[in-house]
Amino acid sequence: ADDVRRRRRPRRWSQRRRGAMAVDRVPSLGGAQPVKLNLRFSLPAAKDSLADDLRELFLRGACCDTVLVCAGRRFPAHRAALAARSAVLREEFATQTQTQAAPEAQSQDCVTPSGPAAYFASASPQRSSPARGSGTVGAAPGREMRVSAASNPEAVEHLLHYVYELPAAEGASLEIVKDVLRLADVFKLPGLAQRASQWLAKDVTTADAVERLAVCRDFGLTALRQRLLETLHANRAALSEIVSSSKVLEYPELMQELLQQVAGPQTDDNDDDEHDDEPCSPSKKWAKKGGGKGGGRGVGSRGGGRGRGRGG
C-alpha cells in the first residue's frame, strides 16, 4: 500500500502543476504585420547544364550509342550531340534509322553511300570497347561509323572536341589541319574550320608557307591567304627565298602570284601607263608618244626640231 501511495503522489503533483500553468488564451507576441527576416544563405555554383553533363558522359565514354572509326581507332560518341551540331550528320542518322526500321532492309547488303554520307559510312557491326574511362559500355552493335574523309585519327578527335565544346588544342601538324578542314567542309561545321585556321596561321616559316597558301586556296580561307601574302610582301628576303625554292614549282598559279609580289609596285615611267585611262590634254598625249615620229618636238624639250631631221 505504501508503494502504491508513493507512485501516485508524483502523478497528482504533476497534474496540479500543469493545471497551474494552463492559460485561457495564448498571449500575442508581435504585431499584426509580419516581420521581414534578413536571412543570408548561398550555395556554391553547381554544374546544372545539359552541355556540361553530356560533356562529362563523353569524357567518361558512358551511354554512347555510336562509335567513330578512323584508321583503326574508335571514338565513342553520342548521336544526339553529333546530330545537334551538324545538319549533314542529322540527315545521315535519320536515313540510317529509316533503313534499319524497314523489314526488307535487314537482309540486304549495305549500299555504298553517295554525297556527304560517303565520308561517314557504316562500319562492320561489332561491339567496340570504350576509348575513354573505365567500366563503361561502348556503342551498341551496328552503330559504328567509319570516317573516311580523314586519314589521321587526331582529326576525328579534334572534331569531337569541337562537338562537345572542349577547349581547342594549341596547334596541329599541317596534315592534321588539312583533315580537320576536310571534315569541317564535309559536315558543314564553320566553327571547326575557324579552329583549323588558327592552327594554320601559327608558326609559319618559309619551308611551309607555300603549302599553307595552297591549303588556304583549296578550302576557301581567303582572309588568311591574303594576310599571309601581305606578310610575305613586307618581308622581301622571305619572299625571295620562297620564290627560289623548288616547292613553289608544284603550284604554278601560286608561283606566278608570288613573282608578281616580288616585282612589287612599279614607280618608274610605267606609272604613266597605269593612268592612261585618265583624261588629259592633247599636248600631254603627244608628249607621251615622244613628240611624233623621229623624236619631234616634245613638251618642255629645248632644241626639239620638227620632222625627222631636227629631232634631237
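This is a predicted model: local features need pLDDT of at least 70, side-chain atom pairs count only at pLDDT 80 or more; totals for chains, interfaces and linings use all residues.
Residues are numbered from 1 along each chain as its sequence is written, and side-chain values use heavy atoms, without hydrogens or water. Local features need pLDDT of at least 70 and side-chain atom pairs 80 or more, while totals for chains, interfaces and linings use all residues.

I then searched for aromatic pairs (ring centres of Phe, Tyr or the six-membered ring of Trp within 6.5 Å; stacked under 30 degrees between planes, edge-to-face over 60, the rest tilted) and found one. F58 and Y164 are stacked, at 4.1 Å centre to centre and 10° between the planes. Because F58 lies in helix 2 and Y164 in the loop between helix 5 and helix 6, the pair ties together parts 106 residues apart in sequence. Both F58 and Y164 are buried (under 20% relative accessible area with a 1.4 Å probe, protein chains only; exposed is over 50%, partly exposed in between).

In helix 10 (residues 236-243), I noted A238, L239, I242 and V243 as the buried residues. They cover an arc of only 135° around the axis (directions from the axis to the C-beta atoms), which puts them on the same side of helix 10.

Finally I checked pLDDT (the predictor's confidence in each residue, from 0 to 100), which averages 73 over the protein chain, with 61% of the residues scoring at least 70.

How values were computed:
Helices (H or I, at least four residues) and strands (E, at least two) are DSSP runs, numbered from the N terminus.
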